[in-house]
Amino acid sequence: MNKYIKAVFCAPLAGIKYAILKIENGGRFHAAFPAIMSPMTEVTVDGKSELRIAKKLKMHNGAKIRVRKGGKLEIGKNFGMSNGCVVTAYDHIKIGDNVMLGPNVLIYDQDHDYQAEGGVSAMKFKTAPITIGNNVWIGANALILRGTTIGDNTVVGGGTVVKGDFPANSVIIQKRTTEVRQQHNGINQSIT
């Protein structure tokens with residue numbers, strides 16, 4: 001669909017979603033226009049959580065923003081989420097200006113605490129803040145984990161799992177090797 005035609009439908013939808021979120025959350029929700037949200041997007045702010053969105057938010061189908069259990073999420077100007085992206089804050093996530101997420105990027109500031117009494121089903125979490133600087137591109141299928149800081153002007157390669165502190169002007173990739181094994185007469189042989 002032509003991007004201008006799409007904007008005619010998706011900009012008013014963003015306005016409706018923003019109005020509902022403001023009614024539900026009052027001062028805990030702040031957002032600026034313009035914004036574009038495709039029909040199949042989700043924005044939820046639970047309990048005493050807080051969500052701040054600067055102008056020019058773009059959310060494509062399947063994108064989800066979730067702020068849970070007293071968490072805080074701050075999104076800078078010109079933030080784009082491609083199809084299937086999820087950003088979930090239980091603690092604090094701060095995203096700078098001009099940040100773009102490729103398809104299916106996941107950003108979580110929490111992990112299940114599998115060592116808690118009752119295991120994963122106890123729904124206990126370990127949390128740590130995430131900070132993403134300005135002018136950051138995060139490639140398709142990347143996973144940003146709790147306790148991560150990504151500096152300005154950084155590129156995260158597709159499929160990369162990111163945890164830790166990364167300085168500005170970085171390119172973050174994970175090298176992988178592919179190994180294929182075939183079995184001949186009961187003996188495994190590597191093929192390179």
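Modeller: What follows starts with the aromatic rings and then moves to the sheets, a surface patch and the cysteines.

This is a predicted model, in which local features need pLDDT of at least 70 and side-chain atom pairs count only at pLDDT 80 or more, while totals for chains, interfaces and linings use all residues. Residues are numbered from 1 along each chain as its sequence is written, and side-chain values use heavy atoms, with hydrogens and water left out.

Three aromatic pairs turn up in a search of the whole structure. Rings of Phe, Tyr and Trp (its six-membered ring) pair if their centres lie within 6.5 Å; planes under 30 degrees apart count as stacked, over 60 as edge-to-face and the rest as tilted. The pair of Tyr18 and Phe29 is edge-to-face, because the ring centres are 5.6 Å apart and the planes stand at 65 degrees. Tyr18 belongs to helix α1 (residues 3-25) and Phe29 to strand β1 (residues 29-31), so this pair ties together parts that are 11 residues apart in sequence. Here helices (H or I, at least four residues) and strands (E, at least two) are DSSP runs, numbered from the N terminus. Tyr18 and Phe29 are both buried. Buried means under 20% relative accessible area, exposed over 50%, and partly exposed in between (1.4 Å probe, protein chains only). Together with Phe33, Tyr18 and Phe29 form one aromatic cluster.

Tyr90 and Phe125 also form an aromatic pair, a tilted one, with 4.5 Å from centre to centre and 35 degrees between the planes. Tyr90 sits in the loop between β9 (86-89) and β10 (92-95), and Phe125 in strand β14 (residues 125-127), so the pair ties together parts that are 35 residues apart in sequence. Tyr90 counts as buried because its relative accessibility is 17%.

Now the sheets. Two strands pair if DSSP finds at least two bridges between them. Strand β1, which holds Phe29, belongs to an open sheet of seven strands in the order β1-β4-β7-β10-β15-β18-β21, with parallel pairing. Its edge strands are β1 and β21 (165-166), each pairing on one side only. Within this sheet, β10 and strand β15 (residues 130-132) pair in the parallel sense over three bridges; Thr131 in β15 is the bridge partner of Lys94.

Seven strands also form an open sheet in the order β2-β5-β8-β11-β16-β19-β22, again with parallel pairing. Its edge strands are β2 (35-37) and β22 (171-172), each pairing on one side only. Strands β16 (residues 137-138) and β19 (residues 155-156) pair in the parallel sense over two bridges, and Trp137 stands opposite Val155 in β19.

Trp137 counts as partly exposed because its relative accessibility is 41%. Trp137, Val155, Val171 and Ile173 make a nonpolar surface patch of about 390 Å². Nonpolar side chains (Val, Leu, Ile, Met, Phe, Trp, Tyr) are joined within 5 Å, and like charges within 9 Å. Accessible areas come from the Shrake-Rupley method with a 1.4 Å probe; for residues, only the protein chains shown count as cover.

Last, the cysteines. A disulfide is a pair of cysteine sulfur atoms within 2.5 Å, and by this rule the count is zero. The sulfur of Cys85 is 16 Å from the closest cysteine sulfur, in Cys10, which is too far for a bond. Cys10 is buried, with a relative accessible area of 4%, and Cys85 counts as buried at 0% relative accessibility.

Key: Patches are made of residues with over 30% relative accessible area and no salt bridge: like charges are joined within 9 Å, nonpolar side chains (Val, Leu, Ile, Met, Phe, Trp, Tyr) within 5 Å. A salt bridge is a side-chain nitrogen of Lys or Arg within 4 Å of a carboxyl oxygen of Asp or Glu.
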